[in-house]
Amino acid sequence: MLDLLKGVRVVELSTIVLGPMAGQILADFGAEVVKVEAPEGDLARYVDPRADTGESAMFVNCNRNKRSIAIDLKTAEGREVLRRLVARADVFLHNMRLAAIDRLGFGPAEMCALNPRLIYCSAIGFGSRGPYAARPAYDDVIQAASGIAGLPVHIGGEPAYVPGVIADKIAALYAANAIAMALYGRRDSGRGVEIEVPMFEVLSAFVMTEHLAAASFSETAAPGYQRLLNRQRRPFQTADGWLAVLPYTEAHWRRTFAEIGQDDVVRQPWFADATDRSRHAAQMYEVLAAAMLTRSTDDWIATFQRLDVPHSRVSSLQDLLTDPHLEAAGFFQPTDPLAARVRSVPQPVTMRGIELAADQAPPELGADTGALMAELGYAAADTRDLAARGIVRLASTTAEM
């Protein structure tokens with residue numbers, strides 16, 4: 001945990017991955033992130049697999065370094081608690097559908113009027129300016145809508161989802177980045193900013209950065225970056241396994257073809273020109289694929305290390321747990337005191353020259369309700385009364401306050 005955002009308070013009203021991951025990034029860099037949950041808690045708390053002590057892997061990997069307050073926002077008293085929180089916050093982050101947040105009375109107009117310095121961030125499925133704005137959205141839906149699931153069709157396959165929640169996670173990165181930029185800009189202006197991070201638009205930009213291709217310059221040209229939409233671009237089978245190899249520059253290809261005895265390719269008139277060479281990528285990959293079958297994976301790794309050509313063994317998820325580079329970096333070692341965990345997913349950015357503090361375990365549901373209510377001006381008796389009526393929830397460790 002770093003202290004770059006020390007003094008910044010973020011009120012995070014979000015569930016599952018998108019909002020929580022964005023909030024965790026801000027918390028990892030020192031912001032005080034107050035996670036607002038319903039009395040029953042974020043659904044991610046209950047997703048399998050779970051530790052014997054009850055912690056969900058999904059929850060603990062998206063919610064470290066946060067405080068938790070549990071509020072029933074269906075009640076007027078609960079909504080008042082959230083208003084008090086937002087009035088004292090620097091950032092309000094939510095991933096609710098726009099109609100739902102408006103029904104609660106926490107839309108950007110209301111919240112920015114309450115707190116003119118507020119950075120208000122909506123992390124949503126579809127942007128408010130288009131006809132899809134009211135649609136529900138989950139990761140699979142966004143992968144399909146953004147073209148990611150359709151990319152295999154270009155190389156003769158069927159539509160397929162990337163087996164990871166990439167839409168949520170990529171949008172979370174955009175949200176955290178946008179919030180940090182808005183906080184930086186506010187130092188001079190003193191004014192709040194309304195931010196909208198729609199997964200569909202984010203993933204469409206992510207896909208089309210390279211795949212807009214020729215359509216960047218012509219209204220009639222078809223999109224698609226052909227070097228990537230190439231059936232031969234794949235991990236290559238070796239004599240005993242699989243290896244990713246990417247000769248990218250002219251020098252890479254020259255060394256590779258010399259190694260496999262294919263100098264005749266280098267002598268082709270198109271080889272010396274980068275544009276022409278890219279047009280013949282499928283042909284070059286095909287020649288390389290045939291050669292890869294003649295040696296073992298370990299032999300090829302030693303060869304490409306000697307040639308200084310980019311390559312990698314194709315790792316399984318299990319392989320990552322014992323990867324020597326990640327082990328040397330202490331990658332999966334937990335940095336917070338959650339006793340149930342033997343591994344965690346860390347903040348992968350390294351910053352040197354600034355103070356590093358210990359991470360805090362993801363909070364028990366309502367762990368900070370009592371303390372936060374006191375900070376907001378509620379007397380202990382009033383908080384107990386609200387808890388008795390189910391409007392707020394106190395964690396088991398603070399239920400006797």
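E375 forms a salt bridge with R9, with the closest N and O atoms 2.8 Å apart. Because E375 belongs to helix α16 (residues 369-375) and R9 to strand β1 (residues 9-13), this pair ties together parts that are 366 residues apart in sequence. The model is a predicted one. E375 is partly exposed, at 41% relative accessibility, whereas R9 is buried, with a relative accessible area of 10%. Both residues also belong to a network of salt bridges that links R9, E32, R67, D368 and E375.

Across the whole structure, a search finds 21 salt bridges. One of them joins R45 to E37, the closest N and O atoms being 2.7 Å apart, and here both R45 and E37 are buried. Another pairs D385 with R389 at 3.2 Å between the closest N and O atoms; D385 is partly exposed at 39%, and R389 is partly exposed at 46%.

Turning to the helices, α13 (residues 297-307) has T297, W300, I301, T303, F304 and L307 as its buried residues. Seen down the axis of α13, these fall within an arc of 165°, so they line one face of the helix. The face turned away from the buried side carries the exposed residues Q305 and R306. Among the elements covering the buried residues of α13 are α9 (250-259) and α12 (281-292). Just after α13, D308 takes a positive phi of about 60°.

The axes of α9 and α12 come within 11 Å and cross at roughly 35°, in a left-handed crossing. W253, T256 and F257 of α9 meet M284, Y285, V287 and L288 of α12. This contact comprises six nonpolar residues, one polar residue and no charged ones.

Conventions:
Residues numbered from 1 in each chain as written. Predicted model: local features only at pLDDT ≥ 70, side-chain atom pairs only at ≥ 80, totals over all residues. Heavy atoms only, no water. Buried < 20%, exposed > 50% of the residue type's maximum accessible area, 1.4 Å probe, protein only. Helix = DSSP H or I, 4+ residues; strand = E, 2+ residues; numbered from the N terminus. Arc of directions from axis to C-beta. Contact = heavy atoms within 4.5 Å. Axes fitted to C-alpha atoms, helices over the stretch in contact; angles between N-to-C directions. Left-handed = near helix turned anticlockwise from the far one by under 90°. Nonpolar A, V, L, I, M, F, W, Y, C, P; charged D, E, K, R; others polar. Salt bridge = Lys/Arg side-chain N within 4 Å of Asp/Glu carboxyl O.
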